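Good morning, and thank you for coming. I would ask you to keep the sequence and the model in view while I speak.

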Amino acid sequence: MLQRLRGSIALRGWRGTFARVQQEFEHRPTLDDSLHVEPLDVPFAPFALPTSDKPLVSVIIPIHGKVAYTLACLRSIARHAPKAAFEVVVVDDASPDDSAERLTQIPGLRLLRNERNLGFVGSCNSGAAAARGEFLLFLNNDTQVMPNWLDGLLGCFDDRADCGIAGSRLVYPDGRLQEAGGLVFADGSCWNTGRFEERDAPAWRYRRETDYVSGASLLIRRDVFEHVGGFDQRYAPAYYEDTDLAFAVRALGLKVYYEPASTVIHCEGISAGTDLHAGMKRHQVTNQATFIAKWENALRAQPPEGTSLPRAVHWRRRGRVLVVDSMTPEPMRDSGSLRLSAILRLLDEQGWSVSFLPDDGRATEEEIRALGALGTEILCRPWVPDLPRWLHKHAHELHAVMLCRHTVAGQYASQVRKLAPKTRLLFDTVDLHFLREQRAAELSGSASMARQAQASRKSELALIEQCDVTFVVSPHEKALLKAELPQANIELLSNIHEVHGCQHSHAARRDLVFIGGFGHPPNADAVRWIANSILPALRTIDQDVQVHVLGDVPESARAELAVPGLVLHGRVKDLGPWLEGSLASLAPLRFGAGVKGKINMAMSFGLPVIATTTAVEGMSLTDGRDVLVADAPASFVNAYERLRDNEALWSSLSQHGLQNVQEHFSAEAAARTLRLVLN
């Protein structure tokens, strides 16, 4: 106990240790009702597991008695059956109770029985040898799985080519966090991160590389497990075998990830107790010495004993980067969200610890999960009330702060300079606000809008002078700002798109699409222009043509847009089917600034675009080669006829559009800019 206390003080400091003691001993209900923990005292009745004869995953559960816990674990698997095909292999390690008799009555279960007690290590290896799946999931019998427990872990392997092991978020039955990955220090000692914390706090909701994960719920490819020789028998019967396996996998150049999308309840201590000097737990001390001897060289790269917890958690990261935008990005909502999500992913890939703070303080569960999969921690309410208070506590940890949009940067640039004077301050314009306002004023002839544009110009230029680096999305905007502010550091960080390719031929396509939500003024103007002028003109030469609007349109605007041929679909979950089946995409923007994501998105699917001069500005597009430019309804009609009747032109525009996205709007181009700015 004294050793643990000293370790806690070194990791957390006195204040953190006192808070930790309060967390451990606070009075809480035994069970968290929101977890729906399976009861242990129900009379036994046979039930079936929905397993497969051709499993992708073999779930291996070693047991030694405690049949009530095993049955509860299996019932939870039956309740939360994954999408992936799986089998369950229970290895009965000479149980002293009637476990085998009960388990033989469960259809869909493969039961192996050890002739003698082999311990956890031997039983896991025995189960792995009998497994049929491509993946092995080692699961303690004193666990209960939650929704997405297996699919979440598989998602980590799908997303990360370097994933060697993925481990679940482990929670106690009372709802508190038990483990969010494990740390290993240079002296071979280990530490479970997040113990007794709130399980849904931001620090534990994002995918993160870690030193090891608990064998209570650990997923690994079977061929990798076999390549490293399985769990090392030197650690038999148990303890340090999961840590050793993680080091062996990392020695292959793979990584170990903590995966919060997978949650598993773990009744810690049921299977092995908690006394380090008695029972199974006594092996923890002796096996530490074995581990140190085996991994002496690798341990030199681990954080020294006494390293603070925040420093140790981010030990392998290059530093911490904070990104602030007006709201949490949702890629299906708008182009800016798609770009920002891609930037966050690139920052993680380049080795930065990434935190994102939405200025409105809101983030849905789905948004937290989505950014968590990118390796991004979301600093939202109620855990983080606002940016200034967070900066007071964490400013010293930051390498860079990126403030997105002048409305956000205008609030916080001075505070970042004051509280984190050594931090690199980045301003992401997203698009030049004053340029968009200026063009809207010119279109409307409004003197008040012109005055607002001038005020925005003054504000944005002042911010650019204040920041170390400013990002713009187009060469046109970069040239404009360099002319205004020759000394400013302006870098191009444009839209970022995956190139999907063209899936269907010209003959299989019909109709037109418009991508964009009504909340963005240039989009609202464009949809009204389509409804009032462009679509009626199109239907004079093709009475059946339709324009499908893919984006949010409020009920208050739907009545005025109720014209023949205009179909309002709202926000769609997947743009792909629409972009693969349409003849062309429209971008009739009459004002705006920046690079148009709607054009990038269409071209990434090989879909030709008919757009205004304003819409194609700064996108390296040539009329007739990459795009068809139209600035009047009659021009849109002419462009539509050409695409409809000329397959060769359609195919040429499709191919050149794909090339344009690859050359100018790929992840590789954005990655180069981020490396340049942050190195």
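This is a predicted model: local features need pLDDT of at least 70, side-chain atom pairs count only at pLDDT 80 or more; totals for chains, interfaces and linings use all residues.

Two elements, α12 (365–373) and β15 (376–378), each supply at least two residues of the lining of the largest cavity. Helices and strands here are DSSP runs numbered from the N terminus (helices H or I with at least four residues, strands E with at least two). β15 gives the largest share of that lining, with 3 residues. The lining residues are Asp200, Pro202, Arg205, Tyr206, Ile368, Gly372, Thr376, Glu377, Ile378, Cys380 and Trp383. A cavity is a set of points, on a 1 Å grid over the protein atoms alone, where a 1.4 Å probe fits but cannot get out; lining residues have an atom within 4 Å of a point. The space in this largest cavity is about 50 Å³, and the structure holds 1 cavity of 30 Å³ or more. Grid points are joined across faces, edges and corners, and the volume is the space filled by probe spheres set on the points.

Residues are numbered from 1 along each chain as its sequence is written, and side-chain values use heavy atoms, with hydrogens and water left out.

I turn now to the nonpolar cores. A nonpolar core is a set of buried Ala, Val, Leu, Ile, Met, Phe, Trp, Tyr and Cys residues joined through side-chain atoms within 4.5 Å. Buried means under 20% relative accessible area, exposed means over 50%, and partly exposed is in between (1.4 Å probe, protein chains only). The largest core has 60 residues, and of these Leu561, Leu566 and Ile599 touch the most other members. Helix α18 (residues 521–538) contributes the most to this core, namely 10 residues. A second, separate core has 35 residues, among them Ile61, Leu103, Ile106 and Cys163.

What does Ile599 touch, not counting residues up to four places away in sequence? Its partners are Ala587, Val609, Ala611, Ala615, Val616, Met619 and Leu621. Contact here means heavy atoms within 4.5 Å.

His497 belongs to the loop between β19 (490–492) and β20 (512–515). Is His497 buried or exposed? Its relative accessible area is 8%, so His497 is buried. Leaving aside neighbours within four places in sequence, its contacts are Leu338, Gly597, Asn600, Met601, Val661, Phe665 and Ser666.

Next, the aromatic rings. There are 11 aromatic pairs in the structure. Rings of Phe, Tyr and Trp (its six-membered ring) pair if their centres lie within 6.5 Å; planes under 30 degrees apart count as stacked, over 60 as edge-to-face and the rest as tilted. Phe120 and Phe231 form a tilted pair, at 6.3 Å centre to centre with 50° between the planes. Phe120 lies in helix α4 (residues 119–130) and Phe231 in the loop between α6 (222–227) and α7 (241–250), so this pair ties together parts 111 residues apart in sequence. Both Phe120 and Phe231 are buried. The pair of Phe135 and Phe157 is edge-to-face, because the ring centres are 5.0 Å apart and the planes stand at 75°. Phe135 and Phe157 are both buried. Ring pairs also link Phe120, Phe138, Phe225 and Phe231 into a cluster.

Helix α7 deserves a word of its own. Since 10 of the 10 residues of α7 are buried, α7 is largely enclosed by the rest of the structure. Among its buried residues are Phe247 and Arg250. The charged end of Arg250 sits over the ring of Phe247, 4.6 Å from its centre. The criterion is that NZ of Lys or CZ of Arg is within 6 Å of the ring centre and within 35 degrees of the ring normal. Arg590 likewise has its charged end over the ring of Trp529, 4.8 Å from the centre.

I close with two loop residues. Thr30, in the loop between α1 (2–25) and β1 (57–63), is exposed, with a relative accessible area of 66%. Thr30 and Asp174 are 144 residues apart along the chain, yet their C-alpha atoms are separated by 5.2 Å. Ser326, in the loop between β13 (320–325) and α11 (335–349), counts as partly exposed at 24% relative accessibility.

Terms used:
On a 1 Å grid over the protein atoms alone, a cavity is a set of points where a 1.4 Å probe fits but cannot get out, and a pocket is an open set with protein on both sides within 12 Å along at least five of seven lines; lining residues have an atom within 4 Å of a point.
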